[in-house]
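Hi,

Here's the structure I said I'd pass along. Have a look below, and then read on for what turned up in it.

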Amino acid sequence: MSLQIPHREKANGNTGATKAVILVGGSSRGTRFRPLSLDVPKPLFDVAGHPIIWHALTAISKVPSIQEVDLIGYYEEGVFRDFIKDASSEFPNLSIKYLREYQALGTAGGLYHFRDAILKGRPERIFVLNSDVCCSFPLNEMLKLSQEKDAEAVILGTRVTEDAASNFGCIVSDAHTRRVLHYVEKPESHISNLINCGVYLFSTDAIFPSIRSAIKRRTDRPSRLVSYPSSDNLESSFMIDDDDESTRNEVIRLEQDILSDMADNKQFFVYETKDFWRQIKTAGSAIPANALYLQKAMQSGSDELAKPSENIIPPVFIHPSARVDPTAKLGPNVSIGPRVTVGPGARIKESIVLEDAEVKHDSCILYSIIGWGSRVGCWARVEGSPMPMTTHSTTMIKNGVKVQAVTILGKECTVGDEIHVQNCICLPFKELKRNVVNEVIM
């Protein structure tokens, strides 16, 4: 560490100070992550043995020019206190702070509201990461592209199927220069299968004036506010403390209000990742994210994973405090949380079993999330359905009805002996005494 800091000072013009901001959202949103978000904020939900935002911090810690990370959201301060304490000791090269919005400001509004804190120390660039994405976060590669092109903004992009593309922000780019020519958030017709991954690198000289211009446009045209794409949830808006302007209620979002204007500028580029990427929007999407992070850990030779054996099909994460009977068969893509008990002859595949849960003998768990302190009886079967790796959805159509592909048991649910649960979502504290298929159990 002591060698790096002088190097950064010398490098000055080359790799000036960079900060990272992770947008963590707040408790009034995240309803699609229920029932899991009823008991833990989505950014702190464990995927592959670690909270979702831990995976982003791991990547940030590998960028030598970053020493400070700000988490911006509107959860209460205490929510992230323990996580920040643990992360600060695990990533000693990073100073991690939580900046609390008093209500939802929008992805760009939060940056602008806390601009003084972010600009402290005069960073040349800031990474902005949405907390609900799962990827390998190629931040050093984005930084390299930014320096090569003298970019004002670099966006992380990935290719998806044409039918999936319209669910995301779509990027039209110059294949040779990688310059972004056009950006549209969730277009109504197909324009590109290169989509926004929710990871950005901005020049501080460019991003804050861009947000300020968007605010000015909004305040200059109040009559158009209602039809404006970002006018959703205006009641959960924020006050802009702008030098001479009167304070006004606003929600400003990067995706709808900033990026399309930045595409008109010649200094906006896209770094296209060929590696994995998934959004973690719904509770069920934690299952593909768990698989992708476990596979990444296996490829990198992580010593956190369980050693492969006759009954451990890698990759499998087992918390040191969990008790797994040697005759239970686990894997692939399984995470077993703290103090979990797995009985003899149990079979668990493509699933997450959260802390203090009990899986009794000869039960079977496939494509499912077993909630904190839940109990799965002996010879019971809790299962979802396999989904193709190319899909970005966790729902499927069965008999003309949309159902969850992943079965989710909320906190302290009980599945009786020999009960079969398939493609269901079960809210906390429920006891299942009969077979259930394709239901939401409330």
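Predicted model: local features only at pLDDT ≥ 70, side-chain atom pairs only at ≥ 80, totals over all residues.

Cys426 is in no disulfide, though, and the nearest cysteine sulfur, in Cys413, sits 3.6 Å away. For a disulfide the two sulfurs would have to be within 2.5 Å.

Searching the whole structure turns up 0 disulfides.

The average pLDDT for the chain is 85, and 87% of the residues score at least 70. Two stretches to watch: residues 1–14 have a pLDDT below 50, with 10 contacts beyond near neighbours in sequence, and residues 223–249 are also below 50, with 56 such contacts in the model.

As for the overall picture, the chain has 442 residues, and 53% of them are buried. You'll find 10 helices and 36 strands. If you take the contacts between residues at least 6 apart in sequence, 58% join residues at least 24 apart. The accessible surface comes to about 20000 Å², with 49% of that belonging to carbon and sulfur atoms.

Cheers

Definitions and conventions: Residues numbered from 1 in each chain as written. Heavy atoms only, no water. pLDDT = per-residue confidence, 0-100. Contact = heavy atoms within 4.5 Å. Helix = DSSP H or I, 4+ residues; strand = E, 2+ residues; numbered from the N terminus. Buried < 20%, exposed > 50% of the residue type's maximum accessible area, 1.4 Å probe, protein only. Areas by Shrake-Rupley, 256 points an atom, 1.4 Å probe, with all protein chains shown as cover.
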